[in-house]
Amino acid sequence: MESPKALGLGSSLMSVQELAKEPMLAIPQPYIRSEEEPSILSHGSDSLQTIPVIDMNRLVFGQKDLELENLHFLCKEWGIFQLVNHGVGSSVVEKLRNEIQGFYKLPLEEKMRYKRREGDVEGYGQTVLMHENQTVDWADRFYMITNPVHRRKDHLLPELPSSLRESLESYISELQKLAMTLLGLIAKALKIEEREIEEMFDDGMQAVRLTYYPPCPQPEKVMGLTAHSDATGITILLQVNGVQGFQVKRDGIWIPVNVLPDAFVVNVGDVLEIFSNGLYKSIEHRAAVNSEKERISVAMFFNPKFESEVGPAPTLLNPQNPPLFKRVGMEKYVKDFFSRMESPPEVVNFGKSIIVPSVQQLAKQPLDKLPPRYVHDFVSSGLRTSDDSFLLSVPVIDLQSLVSGDRMDYELERLHCACKDWGFFQVINHGVSIELLEEFKREIVDFFKLPLEKKKKLWQQPDNHEGFGQLFVVSEEQKLDWSDMFYITTLPSSLRRTQLFELLPPNLGETLESYSVEVRSLAMTILGQMAKALKMDSEEMRELFSDGVQSMRMNYYPPCPEPDMAIGFSPHSDADALTILYQLNDIDGLQVRKEGKWVPVKPLQNGFVVNIGDIMEIVSNGVYRSIEHRATVNSTKERLSIATFYSSNLDSELGPAHSLVGPDNPAVFRRMPIEEYFKEFFARKLNETEKVIMYLQQTSEDNIDERVSFLYSAWSALLDESTKGEGELLQGADQVRRSNNNVLKAPHLEDCKLSAQLNKKLNKLSSLDALEGTLRYFQFQFSRLSYHFAL
């Protein structure tokens, strides 16, 4: 699908076909791809692979069940297949092939009769240039909307040479029948009523794109068609001549595809992925070019009708399979897609961190004592670990009992209590494949065993926190955690750092994709049950979290020579809605703060540890608690885990759920855009931390009163800043605003002060290291309150 409204930036660029006829010493700059975007096969093999094949005869007349199962598998695992014995007459196909090759042999003046007009994407020409820095594809295209018939442009298809028009009309008619047959079979494979898919796609929006890829003297520097997925239901591709160039991305690797003679290539589009609720995959693909030969293809795009609604098929949804995507009208879906097409691509960067050495490598050296930068005085001087942990254990929720059976109400009440009183719980019988968990465990263990030289390719960049390293490091003197982590954004795909994904070991990349989908489904199930427990509008919860932001942090905690002086991960609460932790070995280390003590969490085998994040505390209007937690380390054994963070949509607004707020339950938190929330979280956390650390470095260690006063002032300023412009104090502000630490009370702004507990702790600390440790101990909670304080 292409934008119906171009920016007019590409009008001065000549036809690539004509450009390729000229003697060329160098490729013109607009066509050159960056070196970070290789156009050759990633794994170094030049052999062409055959996409799996579906035989239409067997699907309709032969071994129906077996071939239908094969169709289902390929839509799930590949998102693409070749279709043979499809029933479209060879004479229809051959006539079209000859006519299209004849069209591209016409003089430029003849083809320009159908040129793209200003403000329109339909017609003959190049890629629509959406912004000045855009790289242009090495191809000419002729794009037309063909259905509904009344949307056809009078100066395009009706005015084509009669032989081309007639052959194209015959081809379009044949493919409409084929597409509807395929969609009906896909409905059967999904085990839904055929009418459910037919009502969406019958007489739907359809378009055709004729693409000509000229020979290129330096094909490795250009791309015929930029990598993308199709914003369609399905796409059916015909390769007009025998020149290969089509590539699909599978397991993080670009695979050149050997298209079979007389076969169509069919791929799942974004709309069908949504309709299947994420079961089927809209695959990323692209087209490379040849140094000697031209390549020509015809793609037909099949979409729902404009008056239909795009969303997961209702008959696929149930408590075990909640909707992963929100519903939207097809016309709005198309307009939103076009709107994104017209805007320059923007990389959303939530934060950065100073690059630090690998702790895993450090731990391999003979160490009798902990290096000073990793010594945290607050570990030994802070809150003690619970001695009666057998009396305090994180609740366990049986997800199977929660969503079905005669214990649903009982288990729902247990979930509600766990979220209110603990903010933490473990989940068993969660439905995620044990085989997948075991495979993912092996891949992550092997990942951390990679040689340092290979890991360096995956290290954090100075301007971004994703990759190997640590989070929130803003000073070269700052204390560090005794751990290595690998942080990566997984969903939505538009937020991914593509190069980071492509550098992952192929098997890890494939397993990460599968795990990401499974955990997203689990998160949506849990969020749906939380909505029930809170008596919140379930649709409001779905709207907020479908298509949400998902990221993962793989954690490696090496053995430590002085574990009582180090911390694996400093005390904090999570800035997301839900965190789902999978521990990879049986070494304890996770601790949660409960009743003034650190309570060790003993993860259950093949279970998940789930905790409430700041976003869910806000959405629940403070009913559910985002709890403080930390990770300790072991003197002899390594510990590994992976945390998945799930948050709301980037285009949503964060605040208490409308269905929970009323005269008797006023909003405790202010509202703000979720993207602004994340950017403020990272920016303020880094800026305030850096400011305080710099001050501590510049003042005398003996002047404890001045230093304590400064810390108090800094935290008070954060609270004061968060309340500016908020108007009068909320009714009911006499209620104490509970923080996870219970160290801050706020009946009125002027009474906001540190508790005696914190003052006593600060007065005992006189060294720079200890004060900095205290800062890191409390900084998460105070900065979190400053973002969302409603007073």
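**Note on selected strands, contacts and cysteines**

1. Val328 touches Glu309, Val310 and Tyr333, when residues up to four places away in sequence are not counted; a contact here means heavy atoms within 4.5 Å. This is a predicted model, in which local features need pLDDT of at least 70 and side-chain atom pairs count only at pLDDT 80 or more, while totals for chains, interfaces and linings use all residues. Residues are numbered from 1 along each chain as its sequence is written, and side-chain values use heavy atoms, with hydrogens and water left out.

2. Val328 belongs to strand E14 (residues 328–329), where strands (E, at least two residues) and helices (H or I, at least four) are DSSP runs numbered from the N terminus. With a relative accessible area of 17%, Val328 is buried; the term means under 20%, whereas exposed means over 50% and partly exposed lies in between, with a 1.4 Å probe and protein chains only. Gly311 is 17 residues from Val328 in sequence, and the C-alpha atoms of the two are 6.6 Å apart in space.

3. Asn621 sits in the loop between helix H19 (614–619) and strand E25 (629–631), and with a relative accessible area of 4% Asn621 is buried. Leaving aside residues up to four places away in sequence, Asn621 touches several residues, including Pro656, Val661 and Phe669. Pro666 is also among the residues touched, and its backbone oxygen lies 3.0 Å from a polar atom of the Asn621 side chain.

4. Which strands form the open sheet, and in what order? The order is E15-E16-E24-E21-E26-E19-E18-E17, making 8 strands with mixed pairing; two strands pair if DSSP finds at least two bridges between them. Strand E15 (396–398) and strand E17 (467–469) are the edge strands, each pairing on one side only. On average, neighbouring strands of this sheet are turned by 25° against each other, direction ignored; axes are lines fitted to C-alpha atoms, for helices over the stretch in contact, and angles run from 0 to 180 degrees between N-to-C directions.

5. Within the sheet, strand E19 (residues 550–557) runs antiparallel to strand E26 (residues 639–646), and 8 bridges join the two. Met554 has Ile642 as its bridge partner in E26. Helix H13 (residues 408–422) packs on the sheet, where H13 touches E15, strand E16 (424–428) and strand E24 (608–612), and the direction of H13 makes about 150° with that of E15.

6. Why is strand E22 (residues 590–594) described as largely enclosed by the rest of the structure? The description holds because 5 of the 5 residues of E22 are buried. Leu590, Val592 and Lys594 point one way from E22, while Gln591 and Arg593 point the other way.

7. E22 has antiparallel partners in E25, through 3 bridges, and in strand E23 (residues 597–600), through 4 bridges. Leu590 has Ala631 as its bridge partner in E25, and Arg593 stands opposite Trp598 in E23. E22 and E23 form a hairpin with 2 residues between them, and Glu595 in the turn has a positive phi of about 55°.

8. A disulfide is a covalent bond between the sulfur atoms of two cysteines. A search of the whole structure finds 0 disulfides, with a disulfide taken as a pair of cysteine sulfur atoms within 2.5 Å. Cys417 is in no disulfide, and the nearest cysteine sulfur, that of Cys419, is 9.4 Å away. Cys417 counts as partly exposed at 27% relative accessibility, whereas Cys216 is buried at 0%.

Conventions: Polar contact = N/O pair within 3.5 Å; in protein donor to acceptor, adjacent residues only side chain to side chain.
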